[in-house]
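My notes follow the order in which I checked them.

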Amino acid sequence: MSIKVKKPEVKMNLYETDKDVLKSFITNEKIDGVFTEKYLILQNFADDCRFSSDIQPELMEYLLPFYLRIIEEAIMHQNKMAEDIYSQFNSMIFFNQQNFKNSVGEKYPYVMEYYVEQTVKRMEMGNKTILGDISLFNTTIAFDRNNIVKLFDKIYGGSLAIKYSFFKYISVLLFKESDNLLAINEERPFWTSEIWDFDAQFSDAFFWNQDIVQYYERHVTRQKIEEVFKDITPILYNSLGKELMNLFSSEMEKSFATGTFEKRKKEYLQKINCRSEKYKYWTECF
């Protein structure tokens with residue numbers, strides 16, 4: 001993202017952020033420079049902004065490209081330092097959304113679009129585990145209802161790789177943990193509870209609002225899943241082989257017919273909509 005703005009003075013009240021260190025970052029760091037520990041000051045700044053009712057617009061505007069770089073470093077390259085800053089930045093957006101919107105103004109839709117694009121890129125890259133990218137998916141959607149609309153448009157109209165990533169995640173709603181034939185590489189117990197994860201500090205306090213849940217309810221249906229399944233059938237054949245593929249198809253039909261899918265989707269949505277800060281795990285449909 002290329003935004004040319006003047007280097008701002010630091011005027012807002014900061015409690016977690018060393019102003020001198022932040023000023024040095026603003027003075028010396030370039031957006032195309034080396035990603036170093038100097039970026040850690042932006043984790044402190046994001047923490048300050050999470051509680052601020054008066055985020056300094058010109059300061060956030062200047063630092064925004066650096067945060068977008070951090071998002072890419074975290075999502076696409078799994079840089080641990082970037083992940084820590086990214087998680088704090090996500091918490092700031094979610095818990096202080098209106099003040100963040102006010103500070104970035106007309107750039108807010110671009111920031112949301114950036115999250116959507118990064119999510120789709122990660123899905124296209126694929127992941128060894130079924131829920132490897134679910135925390136990013138959940139987080140992007142949690143920020144704004146428009147994000148789930150755009151994300152589903154890109155998934156349902158996307159490449160086979162994107163649809164396959166999405167279908168692996170949906171398989172957790174189709175099958176109980178012990179019955180999922182796609183879970184060959186899942187060695188950890190209770191891994192399906194990761195379906196409620198978010199990329200954030202205090203992630204247990206994240207949730208999807210009711211508008212998002214209702215949109216999901218209407219757009220993750222048997223018809224949509226069967227359409228995706230039909231599209232990715234060649235990939236599943238290569239992964240499972242003919243015999244297991246036939247069994248998988250039969251078990252999927254059984255999930256729809258017996259109501260297992262609807263019951264698991266209902267529990268998933270009820271818990272991701274819950275504002276409780278308790279750890280979430282399958283209870284009704286485990």
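I started with the contacts of S171: setting aside neighbours within four places in sequence, S171 touches I130, N180 and L182. The model is a predicted one. I placed S171 in helix α9, residues 160-174. Is S171 buried or exposed? S171 has a relative accessible area of 0%, so I noted S171 as buried. I then looked at its side chain and found a polar atom 2.5 Å from the backbone oxygen of K168.

Next I turned to salt bridges, and the count came to 14.

I looked up D84 and K80, whose side chains form a salt bridge at 3.0 Å, N to O. Both residues sit in helix α4 (residues 80-95), 4 residues apart, or about one turn of the helix. D84 is partly exposed at 27% relative accessibility, and K80 is exposed at 52%.

I then checked D231 and K163, a salt bridge with the closest N and O atoms 2.7 Å apart. D231 belongs to helix α11 (residues 222-240) and K163 to helix α9, so this pair ties together parts 68 residues apart in sequence. I recorded D231 as partly exposed at 33% and K163 as buried at 9%.

For K265 and E217, I found a salt bridge with the closest N and O atoms 3.4 Å apart. This pair links distant parts of the chain, with K265 in helix α13 (residues 260-272) and E217 in helix α10 (residues 210-219), 48 residues apart. K265 is buried at 1%, while E217 is partly exposed at 36%.

Last, I noted a network of salt bridges that links E113, E117, K150 and K154.

Technical notes: Residues are numbered from 1 along each chain as its sequence is written. This is a predicted model: local features need pLDDT of at least 70, side-chain atom pairs count only at pLDDT 80 or more; totals for chains, interfaces and linings use all residues. Side-chain values use heavy atoms; hydrogens and water are left out. Helices (H or I, at least four residues) and strands (E, at least two) are DSSP runs, numbered from the N terminus. Buried means under 20% relative accessible area, exposed over 50%, partly exposed in between (1.4 Å probe, protein chains only). A polar contact is a pair of N or O atoms within 3.5 Å; within protein, one must be able to donate a hydrogen and the other to accept it, and residues adjacent in sequence count only if both atoms are side-chain atoms. Contact means heavy atoms within 4.5 Å. A salt bridge is a side-chain nitrogen of Lys or Arg within 4 Å of a carboxyl oxygen of Asp or Glu.
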